[in-house]
Amino acid sequence: MSPFSKSLRLSGRRIIAACARQHSSLTTELIENMDKKATWDRFYTENSSKTFKNFEWFFGFNSVRDFIMPLLQSEPRPEALLQILDMGCGTSALGPCIYRHSSLPVRVTCADISPIAVRLMQEHVQAKAIEPSNLSSQLEFVELDCTQLHKHFGSSSVDLIVDKGTTDALLRSKEGKGKAGQVLKQCLKVLRSSGSLLQFSDEDPDARLVWLETVAQEQGVKAADIGVQEVGELRGVCYYCYQVTPRPVV
């Protein structure tokens with residue numbers, strides 16, 4: 001078995017195990033169809049049958065805030081807010097936490113393919129208002145297929161994209177690898193040259209770096225620099241932050 005296949009298999013089991021602890025009836029469906037809208041609609045429908053609680057893939061905001069917040073320290077453009085995308089947000093508190101803690105004015109868009117997840121988050125925020133550090137900041141939740149980011153964002157319009165488990169879910173589903181490549185290409189299209197994509201994953205760098213570099217080198221894709229940092233170990237699993245930064249057009 002190749003290191004890439006082994007990494008996908010092991011990490012996929014961890015994702016499924018996290019879901020199975022709360023949603024055992026979804027285990028088989030998730031293993032095969034983590035790239036499907038219907039799977040997540042069912043997942044969040046079952047999740048909403050109880051008192052609302054944020055569902056976090058891998059870990060919460062506090063585990064990765066030191067990777068995210070330093071990227072929001074540069075002076076914003078005077079005519080606009082910093083544009084932040086929490087891609088495949090589900091019912092995570094990650095996007096709202098960025099909105100709450102950023103001292104600079106930001107517009108945080110939390111996007112997910114499941115309208116159920118989007119509705120749950122909208123209702124939760126309406127019921128429990130979040131006070132931003134900067135009163136000019138904005139927070140929104142939108143239904144969006146992340147293989148089609150261009151339908152919501154213009155080219156070179158986003159400053160930061162945070163991906164906590166979304167690409168992992170696509171790569172580990174039966175038919176999702178091609179969609180994962182489309183998502184990366186869309187991210188590079190909508191990111192500013194000064195922006196970054198952060199992928200948080202438990203996939204080993206020997207596998208993920210090769211995949212990122214391969215997709216980024218395809219014809220018609222904006223050139224990018226790719227790096228990795230270790231986030232740390234949680235419950236015996238090592239996590240990484242992969243940073244993809246478009247190269248300035250010269």
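Let me start in the loop between H3 and helix H4 (61–68), where Phe58 lies; helices here are DSSP runs of H or I with at least four residues, strands are runs of E with at least two, and both are numbered from the N terminus. What we are looking at is a predicted model, in which local features need a pLDDT of at least 70 and side-chain atom pairs count only at pLDDT 80 or more, while totals for chains, interfaces and linings use all residues. Residues are numbered from 1 along each chain as its sequence is written, and side-chain values use heavy atoms, with hydrogens and water left out.

Phe58 has a phi near 70 degrees, a positive value in a residue other than glycine, and at 10% relative accessibility Phe58 counts as buried, where buried means under 20% relative accessible area, exposed over 50%, and partly exposed in between, using a 1.4 Å probe and protein chains only. Arg235 also has a positive phi, about 50 degrees, although it is not a glycine. Arg235 lies in the loop between strand S6 (224–234) and strand S7 (237–246), and with a relative accessible area of 62% Arg235 is exposed.

Let me turn to the empty space. Rolling a probe the size of a water molecule over the atoms shows where such space is left. On a 1 Å grid over the protein atoms alone, a cavity is a set of points where a 1.4 Å probe fits but cannot get out, a pocket is an open set with protein on both sides within 12 Å along at least five of seven lines, and lining residues have an atom within 4 Å of a point. Grid points are joined across faces, edges and corners, and a volume is the space filled by probe spheres set on the points.

The structure holds 1 cavity of 30 Å³ or more, and the largest cavity contains about 50 Å³ of space. Its lining is made up of Trp57, Asp86, Met87, Gly88, Cys89, Ser92 and Lys164.

The second largest pocket holds about 330 Å³ and is lined by 21 residues, of which Met34, Trp40, Ile113, Thr166 and Leu170 lie nearest its centre. Which elements each supply at least two residues of that lining? They are helix H3 (37–47), strand S2 (106–112), helix H7 (166–172) and helix H8 (177–190), with H7 giving the most, 3 residues.

As for H8, its buried residues include Ala180, Val183, Leu184 and Cys187.
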